[in-house]
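Thanks for coming, everyone. Let me put the structure up, and then we will walk through it.

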Amino acid sequence: MQKIGFIGLGIMGSHMAANLVRAGHDVTGYDVVPASVDKLLHAGGKPAPDIASAVSGAEVIITMLPDSPQVSEVVLGPSGVLESAAAGVLLIDMSSIAPETSLAVAAAGEERGVRVLDAPVSGGEQGAIKASLSIMVGGSAEDFEAARPIFEDLGRTIVRVGGHGAGQTVKAANQLMVAGIITLVSEAIVLLEASGVDGERGLEVVAGGLAGNRILDLKSASMLARQFDPGFRIDLHHKDMGIALASARAAGVALPVTGVVAQLVAAARAQGNGSLDHSALLKVVEQLSGR
Ligand code: NAD
């Protein structure tokens, strides 16, 4: 059992923090939205009124925030995590952010004797609820081993992929694939329906063949029903496509399909659908054909 400070109790963080409570840890949580902190209280955790109170006395600090600016503010900012954290504490940032922000956080942590891991996740809200997340970790092997028991309370596939920032690069690769596959499932639905073929039966048989994939398994029914409650918001996927393209630029490689898919995600957002689930890419693909 460890004393854990958890910051960012949104769609993912609320379930992850609840799983840590269930696993027997002493979890104190903070979020800018008071209703999210109340959720942790109901799950058996302790509410904190600010970052300093969440971090005080913690052996492990977990952040699960939207994007780089929030992680920078919460960790590096005035009255942030590094101002209050004791030396030797392990800071695990599980948000999906730019690799260079993870590198900056790790460097600032090192200066203050705080050990840092970037550990973004995949698996969606269901993965957070069922503690079956894939966790891609960047940082030292020693810190990874120290964090492993906590990761095992949150996820099933847990891999150290390299040094600081490497977890974020793997997450960017994950996200470009997810958006690409959602786009292709959308194109399949548009083709089937425009051709007068039953979408449900068509995708059922496709799912058993070489084109079978997790998006089909998890999202095709809601896509066919045009239900786009989030899940994973278009706004966040737009952020991740930006990270993927910036990472490609930094690495000096061309990712042409990612570029096109990023523009389709941008279109979904520009059309006012940023708060819908990323499967709402189907709406953009339909509009291209005037449907
Ligand atoms: P979310 O917006 O639901 O949760 C983020 C939480 O952070 C919110 O509750 C928000 O109030 C809080 N927050 C923002 N600024 C804060 C601050 N300064 N101090 C304290 N709290 C603050 O987002 P989410 O869906 O839980 O995603 C969190 C991260 O995990 C994102 O980076 C996302 O890309 C990633 N992710 C999400 C999913 C998913 O399916 N939702 C899956 C994998 C990874």
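The model is predicted, so local features need pLDDT of at least 70 and side-chain atom pairs count only at pLDDT 80 or more, while totals for chains, interfaces and linings use all residues. Residues are numbered from 1 along each chain as its sequence is written, and side-chain values use heavy atoms, with hydrogens and water left out.

Start with the ligand. How many residues surround the ligand? The count is 27, and the closest are Ile11, Met12, Asp31, Pro66 and Lys239.

Now the polar contacts, meaning pairs of N or O atoms within 3.5 Å. A polar side-chain atom of Asp31 sits 2.6 Å from a ligand oxygen. For Lys239, a polar side-chain atom is 2.7 Å from an oxygen of the ligand. Gly10 uses a backbone N or O atom, 3.4 Å from a ligand oxygen. The protein covers 90% of the 830 Å² of accessible area that the ligand has on its own; areas come from the Shrake-Rupley method with a 1.4 Å probe.

Which element gives the most to the shell around the ligand? That is α4, with three residues. Helices are DSSP runs of H or I with at least four residues, strands are E runs of at least two, and both are numbered from the N terminus.

Next, the largest nonpolar core. A nonpolar core is a set of buried Ala, Val, Leu, Ile, Met, Phe, Trp, Tyr and Cys residues joined through side-chain atoms within 4.5 Å. Buried means under 20% relative accessible area, exposed over 50%, and partly exposed in between, with a 1.4 Å probe and protein chains only. This core has 30 residues, and Phe6, Met16, Ile62, Ile92, Met94, Ile135 and Phe151 touch the most other members. Helix α1 gives the most to this core, with five residues.

Last, some loops. Ser95 lies between β5 and α6 (99–111). Is Ser95 buried or exposed? Buried, at 0% relative accessible area. A polar atom of the Ser95 side chain lies 2.9 Å from the backbone nitrogen of Leu65.

Between α11 and α12 we find Arg226. Its phi is near 55°, positive in a residue other than glycine. Arg226 is partly exposed, at 28% relative accessibility. Gly231 is in the loop between α11 (214–224) and α12, and the peptide bond from Pro230 to Gly231 is cis, with omega near 15°.

Notes: Near = heavy atom within 4 Å. Polar contact = N/O pair within 3.5 Å; in protein donor to acceptor, adjacent residues only side chain to side chain.
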